[in-house]
Amino acid sequence: MRTVRKSSHAAFAGAIALIAAALPMYAQQGQPDVFLAPLSITGAAPTLGKVRNVTSRPGYDNQPAFSADGRSLYYTSTREDAQADIYRLDLASDQSERVTKTAPESEYSAVEVPGGGAISVIRVERDSTQRLWRLPLTGGEGRVLFPTLKPVGYHAWADADRAVMFVLGNPNALALGNLATGTIDTIVANVGRSLHRIPGSTRVSFVSKAYESAAWVMSLDVDTRDVKPLTKLPAGTEDYAWLPDGRLIAGSGSQLLVCDLTRQAQWTPVADLAADGLTAISRLAVSPAGDRLAIVAIPR
């Protein structure tokens with residue numbers, strides 16, 4: 001039987017009443033598109049090749065995530081039926097296919113689970129409950145991973161058993177769930193939506209909004225629960241991604257910026273994509289080999 005440790009009760013009390021508040025988070029950016037560009041990180045400053053819009057159509061396209069083999073890009077798309085589903089772009093053929101079709105339920109924030117063969121998603125269920133689900137890629141029934149934890153907005157995997165999850169509340173909280181033990185712990189409150197495994201480790205990073213008016217990228221050791229600040233995000237930014245070499249990349253307006261944590265941890269502009277028609281850059285995803293960058297932005 002899965003249990004929720006006592007420390008988590010306060011953070012999730014009254015969460016049911018906040019489920020409806022989660023839905024605008026997915027639509028607040030208007031009609032974003034997903035862009036893709038070749039990426040080179042061999043030099044001091046990463047460089048981009050030609051940027052192209054891979055979801056050029058009316059509607060919501062967002063939350064890109066590469067497969068572990070780097071051959072596919074998952075993303076959330078809302079189409080003519082007003083249904084939010086997961087799509088997969090085959091990078092070799094440049095063709096997209098629909099992965100989920102579960103009306104009236106919707107799926108968001110697809111991530112390939114460690115070991116492959118399935119994706120984990122945030123499913124908005126028929127009664128508007130938001131929980132973390134595992135869906136096999138070969139078909140068949142999915143299953144909810146942490147039944148008692150809701151409403152979940154975003155997630156990332158530290159390893160095959162442990163996931164960190166953004167849980168809506170007042171304030172929002174970061175939870176750590178363990179499939180092997182069935183436990184769920186509240187780690188810290190007042191967090192942002194951008195969660196990632198730190199390359200080459202089982203540590204995860206998240207955004208803390210508890211410091212003044214700035215958002216900070218933080219590191220969480222899932223073994224010790226030790227939390228450390230890494231760097232402040234650029235003003236007005238809450239999304240970022242990791243490059244395989246340990247640098248951070250983020251967007252601000254039409255600019256891309258990179259932060260080298262081994263130096264002064266300052267954000268340095270490396271590209272301005274205004275000429276490519278990109279504005280309001282938000283989410284980013286980097287391929288496992290570091291050779292492609294997916295960008296969510298509002299097309300001009």
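Arg-88 stands opposite Glu-97 in β7. The model is a predicted one, in which local features need pLDDT of at least 70 and side-chain atom pairs count only at pLDDT 80 or more, while totals for chains, interfaces and linings use all residues. Residues are numbered from 1 along each chain as its sequence is written, and side-chain values use heavy atoms, with hydrogens and water left out.

β6 (residues 84-90) is largely enclosed by the rest of the structure, because five of its seven residues are buried. Buried here means under 20% relative accessible area, exposed means over 50%, and partly exposed covers the range in between, with a 1.4 Å probe and protein chains only. Strands are DSSP runs of E with at least two residues, helices being runs of H or I with at least four, and the numbering starts from the N terminus.

Strand β5 (residues 72-78) pairs with β6 in the antiparallel sense over seven bridges, where pairing requires that DSSP find at least two bridges between two strands. Within that pairing, Leu-73 stands opposite Leu-89 in β6. The two strands form a hairpin with five residues between them, and Ala-82 in the turn has a positive phi of about 60°. Strand β7 (residues 95-98) is joined to β6 by four bridges and runs antiparallel to it. This hairpin has four residues between the strands, and Asp-94 takes a positive phi near 65°.

The whole structure contains two aromatic pairs, a pair being two rings of Phe, Tyr or Trp (its six-membered ring) with centres within 6.5 Å, called stacked when the planes are under 30 degrees apart, edge-to-face when over 60, and tilted for the rest. Tyr-75 and Tyr-87 have ring centres 6.0 Å apart and planes at 25°, so this pair is stacked. The pair links distant parts of the chain, with Tyr-75 in strand β5 and Tyr-87 in strand β6, 12 residues apart. Tyr-75 is buried at a relative accessible area of 2%, and Tyr-87 also counts as buried, at 8%.

The other pair is edge-to-face, with the rings of Tyr-154 and Phe-166 lying 5.4 Å centre to centre and 70° between the planes. Tyr-154 belongs to strand β12 and Phe-166 to strand β13, so the pair ties together parts that are 12 residues apart in sequence. Tyr-154 is buried, with a relative accessible area of 5%, as is Phe-166, with 2%.

A salt bridge is a side-chain nitrogen of Lys or Arg within 4 Å of a carboxyl oxygen of Asp or Glu, and the whole structure holds 15 of them. One of them joins the side chains of Arg-193 and Asp-239, with N to O at 2.6 Å. Arg-193 lies in the loop between β15 (183-189) and β16 (196-197) and Asp-239 in the loop between β19 (227-232) and β20 (241-242), so the pair ties together parts that are 46 residues apart in sequence. Arg-193 counts as buried at 7% relative accessibility, and Asp-239 counts as buried at 6%.

Lys-209 and Glu-238 meet in a salt bridge with N to O at 3.4 Å. They lie 29 residues apart, Lys-209 in strand β17 (residues 204-211) and Glu-238 in the loop between β19 and β20. Lys-209 is partly exposed, with a relative accessible area of 35%, and Glu-238 is likewise partly exposed, with 23%.
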